[in-house]
Amino acid sequence: MYRINELGLTLEIEDDLLCSLIDIGIKHYPNEFGGFLIGNYSETQTHLIITNTILPNKFKGTPYLFERDTIGIDDKLKQFYAEEPKKYYLGEWHTHPNNLPIPSSTDINAINSIANHPEVSIKNPLMLIIGYDKPKVELGFYVQFKNKLYRYE
Amino acid sequence: MDKSLHLDSVIKTHQITKEEQLLNKHKDKNKEVKEALEQKYESNIYSPFNSGSYAKNTAMNTKFDFDMVCPFKRNAFGSNGTLKQMYEDVFDFLYEKYKDDANVRKQKVSIGIEFFADEDGDIVKIDVVPGRELNQDQYKDDENLNLYVYYKYGNFDQGSERIKTNVQAQIKNIKDRATKEKDSIRKVIRLLKVWKNTKYNNPAKSFFLELITIKAFDNKDVSGNLWGKLETVLQYIRDEVTGESFTLKDPGNGSNDLIDTLTTTERQTLSDDMKNMLERIEDNDENIKTYFPENSKFLEEEESDNKYENKGNGFYSNPPKNERFG
Ligand SMILES: [Zn+2]
């Protein structure tokens with residue numbers, strides 16, 4: 001379980017999902033890659049669980065850039081929402097080949113733009129960065145909270 | 001995981017509930033004393049109030065001192081009554097009322113009521129400050145009070161002074177150190193007390209853990225971050241506590257050796273506990289949470305403040321069409 005002590009917020013990601021994200025990232029190495037994070041919130045809204053990912057149909061990946069498009073993901077979002085319990089879009093993940101999972105300025109702009117987008121209902125989008133800093137894989141979970149980006153420990 | 005950060009949180013979360021608990025006990029006693037004074041002096045007294053409270057941190061515990069100001073009417077002790085009469089009268093009353101539950105002492109401008117430690121070892125202290133308005137009924141307008149200043153002379157109260165010195169010597173041992181080191185010692189002691197409470201019927205007394213921590217600081221180079229310091233103290237206990245010639249003298253009473261409070265078997269168990277703890281934490285940082293847990297009650301209270309929220313129309317979102325990450 002990951003926690004932001006300062007905020008008292010926690011998150012959890014299913015192990016199988018995390019392993020598959022890491023594998024998918026390796027397949028695109030040395031280019032960046034990523035996708036959408038899906039899951040749900042606890043009743044108290046202090047804990048969230050990442051259960052699934054949706055991979056983009058259209059994207060561009062280079063060693064220093066990843067750009068995705070939402071084309072064709074609509075149906076999948078609706079399917080997850082129809083499940084019981086309902087699953088939502090929670091945020092995004094992407095890789096940092098040969099680098100630590102520290103957000104770049106592009107990443108920070110992206111999370112701000114997501115949080116402020118009119119069609120985004122959630123106030124606190126997540127960002128997972130998978131850093132392949134050889135020989136280790138390092139994870140950085142972040143959430144936007146009141147205009148600040150917090151990292152989970 | 002940052003072990004020192006976790007340990008800081010352990011201290012913080014335990015500290016706050018501890019202080020809250022003590023503060024509540026304090027408020028109860030405070031109310032009781034206030035009501036007793038009002039009942040006794042009826043129309044001769046204005047409502048007593050607290051002029052301030054402050055928490056004093058010692059290595060042992062946190063003590064709250066409350067000053068309770070008691071404003072008396074000018075003629076409360078007769079139109080020719082003196083400030084000394086007022087002071088003595090309040091002292092006699094409080095002494096009679098609380099002599100079986102507390103040490104009641106004359107202090108410079110106040111009367112100290114220090115209640116005996118309760119089952120948690122907590123001590124509540126209330127300083128009652130009697131004061132008298134300058135002229136009859138003037139207090140309502142100017143809130144000015146004359147206080148009586150009490151000077152001790154001769155051998156007055158020597159008995160109670162002597163007891164006090166003893167307690168003071170225990171605290172002084174820690175007070176004499178440089179502030180920075182004192183702070184580290186206090187933190188390590190707090191952590192050991194948290195650990196002590198994770199074990200059912202832990203035979204090591206709090207005072208024992210305090211003294212052995214101080215001894216570790218005396219004999220070892222205890223440095224680094226909080227985890228580094230705690231680790232050194234744990235190693236010291238592991239290595240030394242079973243030693244034949246190991247002593248732990250009570251600074252308040254030199255003939256009292258705290259090591260005698262543990263049997264040989266208990267000393268061995270303590271050493272084994274330290275060894276185990278160090279090995280498990282070495283295996284995996286996360287294990288530190290087993291031995292030094294945060295106070296979950298407090299953490300939950302914290303958590304209820306912040307929430308994952310939506311903008312008012314549920315959580316269903318359509319992500320922005322194009323986003324770029326670096
Ligand atoms: Zn990035």
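Start by selecting A:Glu12, A:Glu14, A:Asp15 and A:Asp16, which form a negative surface patch (patch residues have over 30% relative accessible area and no salt bridge, with like charges joined within 9 Å; a salt bridge would be a side-chain nitrogen of Lys or Arg within 4 Å of a carboxyl oxygen of Asp or Glu). You're looking at a predicted model, where local features need pLDDT of at least 70, side-chain atom pairs count only at pLDDT 80 or more, and totals for chains, interfaces and linings use all residues. Residues are numbered from 1 along each chain as its sequence is written, chains are lettered from A in the order written, and side-chain values use heavy atoms, leaving out hydrogens and water.

Now click on A:Asp16. It sits in helix α1 of chain A, residues 15-28 (helices are DSSP runs of H or I with at least four residues, strands runs of E with at least two). A:Asp16 counts as exposed because its relative accessibility is 66% (exposed is over 50%, buried under 20%, partly exposed in between, using a 1.4 Å probe and protein chains only).

Zoom out to chain A: you'll find three helices and ten strands. Of its 153 residues, 51% are buried.

Next, hop over to chain B and select residues 102-106, strand β3. Four of its five residues are buried. Last stop: show B:Asn103 and look across to B:Glu114 in β4(B), which stands opposite.

Technical notes:
Patch = residues over 30% accessible without salt bridge, like charges linked within 9 Å, V, L, I, M, F, W, Y side chains within 5 Å. Areas by Shrake-Rupley, 256 points an atom, 1.4 Å probe, with all protein chains shown as cover. Lys, Arg positive; Asp, Glu negative; His and termini not counted. Charge placed at Lys NZ, Arg CZ, Asp CG, Glu CD. Pairing = 2+ DSSP bridges.
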